[in-house]
Amino acid sequence: DYAVCVDDSNRPARHVGDWPMQGQMYIVRATEGRAEGTDLIHVLGFEGEAPYFNAFAPHRFEIIERLWLN
């Protein structure tokens, strides 16, 4: 999936690693967050440490294109 960051505010104090910038487009993967019970957006190529790794809340992104590969 390709997504645009629409909200880069409120970076958690404990977040260590890459952080998306509002208005930038990213290659992402949407997954179900098993621990939280909500969807998560993983930005491919980002690196982050626990507890957040490279996962972000879906309200921070707008998916603009979905591409299926076989």
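**Pocket, core and loops**

Mentor: The largest pocket is lined by 15 residues, and Leu 40, Tyr 52, Ala 55, Phe 56 and Ala 57 lie nearest its centre. A pocket here is an open set of points on a 1 Å grid over the protein atoms alone, where a 1.4 Å probe fits, with protein on both sides within 12 Å along at least five of seven lines; lining residues have an atom within 4 Å of a point. Before we go on: this is a predicted model, so local features need pLDDT of at least 70 and side-chain atom pairs count only at pLDDT 80 or more, while totals for chains, interfaces and linings use all residues. Residues are numbered from 1 along each chain as its sequence is written, and side-chain values use heavy atoms, with hydrogens and water left out.

Trainee: OK, what volume does the largest pocket have?

Mentor: About 280 Å³. That volume is the space filled by probe spheres set on the grid points, which are joined across faces, edges and corners.

Trainee: Which element gives the largest share of the lining?

Mentor: E3, with three residues. Strand E4 (55–56) joins E3 in supplying at least two lining residues each. Strands are DSSP runs of E, at least two residues long, numbered from the N terminus.

Trainee: And by class, what does the lining look like?

Mentor: Nine nonpolar, three polar and three charged residues. Nonpolar covers Ala, Val, Leu, Ile, Met, Phe, Trp, Tyr, Cys and Pro, charged covers Asp, Glu, Lys and Arg, and the others, Gly among them, are polar.

Trainee: Switching to the core. Which residues make up the largest nonpolar one?

Mentor: There are 10: Ala 3, Cys 5, Trp 19, Tyr 26, Val 28, Ile 41, Val 43, Phe 46, Phe 56 and Phe 61. Strand E1 (2–5), strand E2 (25–32) and strand E3 (39–43) are the elements that give two or more residues to this core. By a nonpolar core I mean buried Ala, Val, Leu, Ile, Met, Phe, Trp, Tyr and Cys residues joined through side-chain atoms within 4.5 Å. Buried is under 20% relative accessible area, exposed over 50%, partly exposed in between, with a 1.4 Å probe and protein chains only.

Trainee: What does Ile 41 contact?

Mentor: Leaving out neighbours within four places in sequence, its contacts include Val 28, Ala 30, Phe 56, Phe 61 and Ile 63. Contact means heavy atoms within 4.5 Å.

Trainee: Now His 15: buried or exposed?

Mentor: His 15 counts as buried because its relative accessibility is 7%. It lies in the loop between E1 and E2, and touches Tyr 52, Phe 53 and Phe 56, not counting residues up to four places away in sequence.

Trainee: What does the side chain of His 15 reach?

Mentor: The backbone oxygen of Asp 18, at 2.9 Å.

Trainee: Which phi does Asn 10 have?

Mentor: A positive one, about 55 degrees, although Asn 10 is not a glycine. Most residues other than glycine have a negative phi. Asn 10 is in the loop between E1 and E2, and it counts as exposed because its relative accessible area is 66%.

Trainee: Where is Arg 60 found?

Mentor: In the loop between E4 and strand E5 (61–65). Arg 60 is charged, yet at 8% relative accessibility it counts as buried. Leaving out residues up to four places away in sequence, it touches Val 4, Cys 5, Val 6, Asp 7, Asp 8, Ser 9, Asn 10 and Trp 19.

Trainee: How far apart are Gln 24 and Arg 60?

Mentor: They are 36 residues apart in sequence and 11 Å apart in space, C-alpha to C-alpha. Gln 24 is partly exposed, at 40% relative accessible area. Its contacts beyond four places in sequence are Ala 3, Val 4 and Cys 5.

Trainee: Last one: what about Asp 39, which contacts does it have?

Mentor: Beyond four places in sequence, Asp 39 is in contact with Thr 31, Glu 32, Gly 33 and Pro 58. Asp 39 is in strand E3 and is partly exposed, with a relative accessible area of 47%. From Asp 39 to Phe 56 is 9.0 Å, C-alpha to C-alpha, across 17 residues in sequence.

Definitions and conventions. Helix = DSSP H or I, 4+ residues; strand = E, 2+ residues; numbered from the N terminus. Polar contact = N/O pair within 3.5 Å; in protein donor to acceptor, adjacent residues only side chain to side chain.
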